[in-house]
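Please look at the sequence and the three-dimensional structure shown here, and keep both in view while reading the report below.

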Amino acid sequence: MDLAELESAYWDHIAPAIATEGHDPQSHRPTHEWLSANGFRGLVYALREYHDTTFAEFWNDVLDLQSQGYDWEIDHEPTINSLERYLDRQQSRLSWAEGTARTHRYRLARYVRAYAGVNGTADILSPIDPNGDIDESAAVDACWATFDALDQRVSRTTLQRIYETTADFYESLLNRREAKLNPTDGLDYDWTDDADDDTGSSENPPLAPEHVRALFDAATTTREQLIVVGLCAWGLRSGEVASLHASQLVLDEENPRIEFDERKNGPGSVAVIYGADVARDRLTELADRNDWNGYLFPSDRSETGHRRRGTILRWFEDLAGQAELPETIDGHKPVPQMGRRFWYDRYTSTIEDLVEEHIDEIASDQGSASAQVVMDDYLSPERKRELRRQFMREKLADAFEGVQDGR
């Protein structure tokens, strides 16, 4: 059958079957599973093998119908159509179940929505169009910046799944000559790091104080110093270090801190106990640039205006080599997450010592049965913050001795 004959067959045989089940054949697009279960799998096969057309394309272009389907929440129709065609092909050729297609659709939607938020457009096709005048580095930057943004919002496990699905989508475009490159190529994260709930749990061990000190001693530029301070003294994630902006730094008040409007576990602030002078030096250095955009790690090429998380990983690796850190620490290659683990270990022991050494004494004096009750109900937020800073400063001192504190 040609396409016109297949169209007639659809209205003569498939549409009545859809109507029998109580659906409107003008708006209810049947799934591959339904077509197969009801004896119409031959239609999908004929479209694919003889017309190089997916059922979705047949539905939209030949039948000229619009389904009440998935809301991608973006406003770029070519992108939506490309994504739908990809899912339809995968469902047809790989016999994906409807649930599998739904899962991959959800992951792709997370990517394109984030892409639109980071780059100001949901058009993921033009930057890689083989017939266009493309800037490959800009296409890669736009893609990688999107994953860095997602890394601030989702767990590392979820990020890996979104990455794998997105990479497969781009690869299919490349194989079909619909793309000049796969912009996800080379993008890598430490997928073992899933400390996204701030529990500090990770297969990566923490750096030891002597490792942190070696890193800081090896840092010869404000950029390198800020990486060490951001990871190990402030406990930031690599992506948070990469996207630090001057507007987040509050350094001239009694309680210097970094403010976050959006973080994985919501808005918040991070105390600057050590490293305020490093941040000030970096700000002074960048302020001399005529075109400085406010980011502490600015980038002229990136759509976001700042460096990617992957760049911080590479710089950290170079710095670890300069510092002559061991090739492995407890069996693991040194990575930035170990700096955050160092900070978290110090913070955890700070809270334990604070309760045991200080709050317990207050509880005993007051006749309270629980130090935690005193901590929760009797200390003002200002007093708790003061005590945490005092104890945390002691915990960090062995690694950052000689580094000016946050005051």
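This is a predicted model: local features need pLDDT of at least 70, side-chain atom pairs count only at pLDDT 80 or more; totals for chains, interfaces and linings use all residues.

Residues are numbered from 1 along each chain as its sequence is written, and side-chain values use heavy atoms, with hydrogens and water left out.

**Overall build**

The protein holds 16 helices and three strands, where helices (H or I, at least four residues) and strands (E, at least two) are DSSP runs numbered from the N terminus. Of its 407 residues, 51% are buried; buried means under 20% relative accessible area, exposed means over 50%, and partly exposed lies in between, with a 1.4 Å probe and protein chains only. Among the contacts (heavy atoms within 4.5 Å) with a separation of 6 or more, 67% are between residues 24 or more positions apart.

**Two nonpolar cores**

A nonpolar core is a set of buried Ala, Val, Leu, Ile, Met, Phe, Trp, Tyr and Cys residues joined through side-chain atoms within 4.5 Å. The largest one has 48 residues, and L207, L215, W234, I258 and F400 touch the most other members. Several elements each supply at least two residues of this core, including α9 (209–218), β2 (257–260), α14 (336–366) and α16 (381–400), but the largest share, seven residues, comes from α10. Leaving aside residues up to four places away in sequence, F400 touches V212, R213, F216, V228, V229, C232, A233, Y274 and F342. A second, separate core of 37 residues includes A114, Y163, Y170 and Y189.

**Aromatic rings**

The structure holds 15 aromatic pairs. Rings of Phe, Tyr and Trp (its six-membered ring) pair if their centres lie within 6.5 Å, and planes under 30 degrees apart count as stacked, over 60 as edge-to-face and the rest as tilted. Y86 and F169 form an edge-to-face pair, with 5.4 Å from centre to centre and 80 degrees between the planes. This pair links distant parts of the chain, as Y86 lies in helix α5 (residues 77–93) and F169 in helix α8 (residues 156–175), 83 residues apart. Y86 is buried at 3% relative accessible area, and F169 is buried at 1%. Y86 and F169 also belong to one aromatic cluster, together with Y111, Y115, F147, Y163 and Y170.

**Charged side chains**

Side chains of opposite charge can pair when their charged atoms come close. The structure holds 10 salt bridges, each a side-chain nitrogen of Lys or Arg within 4 Å of a carboxyl oxygen of Asp or Glu; the table lists some of them.

| Salt bridge | N to O distance |
|---|---|
| R176 and E178 | 3.1 Å |
| R282 and E285 | 2.7 Å |
| K333 and E317 | 3.2 Å |

K333 lies in the loop between α13 and α14 and E317 in helix α13, so the pair ties together parts that are 16 residues apart in sequence. R282 and E285, in turn, both lie in helix α12, three residues apart, which is about one turn of the helix. R282 is buried, with a relative accessible area of 5%, whereas E285 is partly exposed at 38%.

The charged end of R282 also sits over the ring of F297, 5.5 Å from its centre, where sitting over a ring requires NZ of Lys or CZ of Arg within 6 Å of the ring centre and within 35 degrees of the ring normal. The charged end of R223 sits over the ring of W315, 3.8 Å from its centre.
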